[in-house]
Amino acid sequence: MIQSRPNAHLERIALSTSILDGLNEQQRIAVTAPDGPVLVLAGPGSGKTRVLAHRIAWLVRERGVPPWRIVAMTFTNKAAREMRQRVEKLLGNEIQGIRLGTFHAICARILRDQADHLPITRDYVIFDTPDQRALIRSVIADDLGLDEKRYPPERILAAISQAKNDLITPQDYQPTTYFEEIVKRAYQRYQERLLANNAVDFDDLLMHTALLFAQYPQVLRAYHRLIDHILVDEFQDTNGAQYALLKQLAEARRNLFCVGDEDQSIYRWRGADYRNLTRLRTDFPDLLTVLLEQNYRSTQIILDAAQAVINKNPYRTPKRLFTLRQGGPAIVIYEAYDEEREAQFVVDTIAALVAQGEVEPRECAVMYRTNAQSRALEDAFVRANLPYRLVGATHFYARREIKDIIAYLRLIHNPEDTVSLRRVINTPPRGIGEKTLEGLERWAQEQGLSLGAALMRLSEEGEKGVLEARSYRALAAFAHRLDEWRRVSAHFSVGTLLKMVLDETGYLDYLNDGTEQGEERVANVRELVNVTAGYEDVPLSAFLEEVALVSDVDGMDEAVNAPSLMTLHTAKGLEFDVVFLVGLEEGLLPHQRSFDDPEEMAEERRLMYVGMTRARRRLYLVYAFRRRAWGESAVTQRSRFIDDIPPSLLASGAGLTEGGYAAPRRIRAAQPPRWTAGDKPAPAPRRSFKTGQRVVHPQFGSGLVIEVRPSGNDEEIRVAFDRAGVKRLLGSYADLKLLEDG
DNA sequence: CTGATGGGCCTTTTT
DNA sequence: GGCCCATCAG
């Protein structure tokens, strides 16, 4: 433990009992640290989230800090939820009023409250990635007249994002290459267009807030008066803008409490800056640093192996991780023939471990580098008739049909949202084609109006001469509808409004084209209707904000007792008894794109480290002899990271047969999934379906229920159909019938 | 104006 | 192997 300040406070520790119960010496020191800046540097499984939660509870309970004077920031919604639960457990309803959320959510709130100081109104919308893409493409092609082949939107957006993360405005942007010259111009126009849409993107949430504080010291002072303590989880993931925010907010009281682990920094690509650790030490010279080195999660064998991998990274604060959990099973390395056999090995091994009573299915996880790798795994689970949970990945709100509907709501809420207007003005088709739109645009420009304003004006004042009669009628009819929705939007719930839009536009009929895909899209929209059921008394603005910031209908359903599939990035912060790291091949982990950049290679190594340290007891490192990518199968080379692990920690010849890649012994999976036996009784009695049941659908035929989760007043059911593949269905809508076993 | 078809591109990772 | 997009026919 390193300490740069005396710790007379240790004597007080004895006073507070329950909140410090079960914490070790170092954890207690961190939790009860006196006022002032604190940095808790902690290895994996050392209870850093726990320390953070206990710190909050301790501040409230022992130090009498009012909860609403505490701000706690996380990076993901999941982390925020978990943190809230932990603190709730310690404090009960005293937690009321605590400001706890992701950086983005907290900034979104601040921007709304301070909209008067900003070039946006309280009703601003948040543009997500597809929106950003649409906008930047329009900037490149329409505004700058450039070829998007030569200036890929993604690259331009990435450069803009980087600038924003460093709080560089278009005016301050200093191009050094011709490409950057283009970026500067695109950035400039992009920001103008965002403001014209009364919109901000993800990065803007942070940048605008930081710039707001810099520009209006009196606003910042108001927050200083409001906030006593600021706590940050996963500090190593902060980017420039986030660090600036923390510094601004903490500069008055200096009560900044950060926890983090530089070895788990895996978000460099989205602007995370490891130098923030150095900055913190410089900006807060009286920083108290506490090191948590005891690991409560993994066996010593797993810890040693992970340590061997991470030790190859230069420039780290050396940590000496230890655990009292000596021994444990050796690490298993397995070479499969191809990705199919790889997946089969995973499924078979889990089935065997479960059958032996070694582990609960929900305590197993499979982790991979890229989302694309999940397919082979899902196939294997489905083939074996075994349920699984896919974490993250499915960007529900990114689906076309969902985006359409959200665009309607956003347009109703924010008339200036041109991106949404363009999206829905002819969806479903209502006779407003390219020509008509062009005409409207031209007129808008002449009148100096935004597209949305022009549309409304056109219908109001009967500017009939402007456009051809047919076009005019179509536009006026749409404007009328829009106007009507806006009029009633304040009086109805989001759900009612949504149904109204669906009914009056005939959107569901438009989707339902008789194809399977159409069916699925309709189901997705109905799912969205269900989601809105949970927002009965919530204003439209709050609903839209949540939809933008909560990337998914996310959160693992704890009730389903099945293994989890996820990327290594989503795995951070989680732990499982049994972990499979798959696809450990050169080009995949480490990823190809890291080969020529030592910094990125170091990050790949940290990714491996994060994955390994998720395991409590058993760790399987798996790779395939050959793998299919882009339809082509190629021979692979196993990951260099595997070779960094001392052989003494590995199971002798584990899983490796003579030829190296022979198929594993097939373990027959019982038809009804055998690992639902230990399922907890379903918490919601409303459920009518259960994981593992055989069902039949009039269109898709027979299949197996692989996941059931409550959603609003209904339930969402994932079914693996024997022929039609995996579908997501809605309990009350889908005409599902239970099939008798046999 | 819309829907069908075929070609090009792709795959990191997330708020 | 799939998705998005541009192009073309109706």
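Which helices each supply at least two residues of the surface near DNA strand B? In this predicted model, they are α17, which spans 434–447, and α24, which spans 568–571.

**View 1. The protein surface near DNA strand B.** There are 27 residues around DNA strand B, and among these Arg 369, Asn 371, Pro 429, Gly 433 and Arg 593 come nearest. Divided by class, the residues of this surface are 8 nonpolar, 13 polar and 6 charged. Where the atoms of DNA strand B lie within 4 Å of the protein, 49% of them belong to sugar or phosphate, and the rest belong to bases.

**View 2. Side-chain contacts to DNA strand B.** Thr 567, in turn, has a side-chain N or O atom that is 3.4 Å from a phosphate oxygen of DNA strand B.

**View 3. The residues around DNA strand C.** By class, the surface near DNA strand C has 4 charged residues and 1 nonpolar residue, with no polar ones.

**View 4. Arginine side chains at the phosphates of DNA strand C.** In the side chain of Arg 137, an N or O atom is 2.9 Å from a phosphate oxygen of DNA strand C, while for Arg 133 the distance from a side-chain N or O atom to a phosphate oxygen of DNA strand C is 3.5 Å.

Notes:
Residues numbered from 1 in each chain as written. Chains lettered and ligands numbered in written order. Predicted model: local features only at pLDDT ≥ 70, side-chain atom pairs only at ≥ 80, totals over all residues. Heavy atoms only, no water. Polar contact = N/O pair within 3.5 Å; in protein donor to acceptor, adjacent residues only side chain to side chain. Nonpolar A, V, L, I, M, F, W, Y, C, P; charged D, E, K, R; others polar. Near = heavy atom within 4 Å. Helix = DSSP H or I, 4+ residues; strand = E, 2+ residues; numbered from the N terminus.
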